[in-house]
Amino acid sequence: MTYIILLAWALLYLIFSFSSQLPWASCNNYWNSDVCVDFSSKNLTFHQSNQTNSTSAATEFWERRVLAISGGIEEIGNIRWEVMLCLIAMWTICYFCIWKGVKSTGKVVYFTATFPYVMLLILLIRGLTLPGALQGVMFYLLPEPSRLTDPQVWMEAGSQIFFSYSIGVGILVVLGSYNKHNNNCYKDCLGLCLLNSCTSVVAGFAVFSVLGFMAQKQGVSIEEVAEGGPGLAFIAYPQAVAMMPLPQLWSICFFFMLILLGLDTQFVAMEVVMTSIIDMFPKVMRITGRREKFLLLLCLTCFFSQLVMVTEGGIYLFQLFDYYACNGTCILFISVFESLAMGWVFGAERICGIIKDMTGMKANPAFKICWLYLTPLVSLGTFICSLVEYIPLTFNHWYVYPAWAYVMGWVLAFSSILLVPGWALYKLATGTGTLSQRFHHLCQPDPKILLIKNTETELQQLSTTN
């Protein structure tokens with residue numbers, strides 16, 4: 001619901017990057033206010049002035065030009081037509097890239113997954129050559145010891161790992177289902193972890209080197225220029241590139257990279273839905289043309305449901321969805337049940353047997369400990385801490401949502417996390433036999449999956465006989 005909105009914003013910024021002067025680089029535009037400050041000015045003395053209510057040109061471009069933010073979530077306002085057209089373009093690209101299935105998507109991903117590394121390398125080299133880059137890199141590498149005792153830091157880190165690796169949302173399962181039976185999943189998992197982590201580390205250098213440059217240019221600390229969420233991509237980084245020589249070039253590189261990275265994620269998220277529906281209803285969905293028609297219906301449904309998020313008050317709803325429905329707490333809750341189902345219901349021993357059957361190698365015993373104990377306990381502990389440390393959502397640190405908006409946020413959160421225990425209780429209530437018999441029956445895997453183990457046993461017996 002929310003991810004492709006980011007791509008629409010990025011596309012709009014990319015289009016503006018081809019201007020003769022970046023529109024977020026000056027305060028001479030019709031949307032700027034009297035308190036706008038041009039940080040790219042060579043005679044900048046903002047940090048020494050008394051303008052405590054001043055805002056940067058990049059902030060005003062984001063809030064007053066792109067979003068045209070209204071006074072609150074109650075004031076929906078008009079549709080931002082430029083953002084809506086960019087949203088249509090993004091959905092059109094997504095549709096035609098995945099409408100034929102993973103074979104067509106795979107060809108597109110060869111470009112969209114590899115070319116961002118070229119862009120990242122260019123931005124990294126440029127960032128490290130900027131004045132003040134060392135200050136940003138040191139801030140990135142050296143932790144603040146006092147923050148290490150803050151549970152919120154570890155909760156945010158855990159949630160980031162879940163999002164970064166797409167754990168608990170079915171993406172890895174769906175993509176893995178297209179592999180051959182004897183594919184070395186063990187090697188793929190290790191390779192994925194190394195590549196993902198290394199990419200995150202390198203991206204950190206590219207981002208914080210630029211933040212160090214901004215901090216030196218403005219004469220402030222890095223904490224004051226670093227922002228989280230959309231603010232980093234649409235305020236902090238655009239403001240930084242506006243201070244560089246050839247700002248249009250670096251802006252184009254950054255937003256083009258952002259769009260390609262986002263498209264990869266959107267492709268996979270849509271493919272998860274399509275594959276799941278096709279596997280659930282194979283007789284209906286595997287008829288020629290049915291996939292394309294259903295995908296079109298899915299794209300249109302999502303697009304029309306997102307129109308409210310491209311209005312003048314849409315950013316409030318966007319933040320509400322992002323904070324409650326798409327946050328790490330929901331994924332942690334689902335991951336508790338997934339890890340318990342895999343480790344205890346399906347069985348850690350059975351998982352090890354399948355890995356050996358597929359790869360010919362025994363899984364490391366440490367994985368059994370993770371599947372049985374470590375992963376469920378860590379997920380459950382982090383989930384509980386996130387509830388204890390819950391802080392109601394505010395927008396820009398000043399706007400407090402009305403009570404009904406918080407209720408709607410919790411409804412969105414519960415709509416995703418209660419389906420798992422809810423379905424389990426439903427099956428438990430509608431089953432046959434005593435409560436104990438129904439529970440044990442539901443905790444048994446589908447007999448069909450035992451065929452793999454039986455096949456392995458038969459092959460072992462044949463090899464022993466021969």
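Visitor: Let me start with helix 3: which helices do its buried residues pack against?

Guide: One thing before that: this is a predicted model. Now to your helix. The general idea is that an α-helix has 3.6 residues a turn, so residues three or four places apart point the same way. In this structure, the buried residues of helix 3 pack against helix 1 (3–16), helix 2 (57–66), helix 4 (102–112), helix 12 and helix 14.

Visitor: And which residues of helix 3 are buried?

Guide: Among them are Val83, Cys86, Leu87, Met90, Trp91 and Cys94. Helix 3 covers residues 81–98, so 18 residues, and its end-to-end C-alpha reach of 26 Å is close to the 26 Å expected.

Visitor: What about helix 11: how many of its residues are buried?

Guide: "Buried" here means under 20% relative accessible area. By that cut-off, 12 of the 13 residues in helix 11 are buried, and the helix is mostly covered. The buried ones include Phe234, Ile235, Tyr237 and Val241.

Visitor: On to charged pairs. How many salt bridges does the structure hold?

Guide: Six. To spot one, look for a side-chain nitrogen of Lys or Arg within 4 Å of a carboxyl oxygen of Asp or Glu. Take arginine 291 and glutamate 271: their closest N and O atoms are 2.9 Å apart. Arginine 291 sits in helix 14 (residues 290–306) and glutamate 271 in helix 12 (residues 247–280), so this pair ties together parts 20 residues apart in sequence.

Visitor: Is that pair buried or exposed?

Guide: Arginine 291 counts as buried because its relative accessibility is 11%. Glutamate 271 is buried too, at 3%.

Visitor: What about arginine 147 and aspartate 150?

Guide: Their side chains also meet in a salt bridge, at 3.8 Å from N to O. Arginine 147, at 42% relative accessibility, is partly exposed, and aspartate 150, at 24%, is partly exposed as well.

Visitor: Let's zoom out. What does the secondary structure of the whole protein come to?

Guide: There are 21 helices and four strands. Along its principal axes, the C-alpha trace spans about 85 × 45 × 45 Å.

Visitor: How does the radius of gyration fit with a compact globule?

Guide: The idea is to set the value beside what a compact globule of that length would have. For 466 residues that would be near 23 Å, and this protein has 25 Å, which agrees.

Visitor: How much of the protein counts as buried, and how much surface is exposed?

Guide: Of the 466 residues, 41% count as buried. The protein exposes about 25,900 Å², with carbon and sulfur atoms supplying 67% of that.

Notes:
Residues numbered from 1 in each chain as written. Predicted model: local features only at pLDDT ≥ 70, side-chain atom pairs only at ≥ 80, totals over all residues. Heavy atoms only, no water. Buried < 20%, exposed > 50% of the residue type's maximum accessible area, 1.4 Å probe, protein only. Helix = DSSP H or I, 4+ residues; strand = E, 2+ residues; numbered from the N terminus. Rg over C-alpha atoms; globule rule 2.2 N^0.38 Å. Areas by Shrake-Rupley, 256 points an atom, 1.4 Å probe, with all protein chains shown as cover. Expected span 1.5 Å × (residues − 1). Contact = heavy atoms within 4.5 Å.
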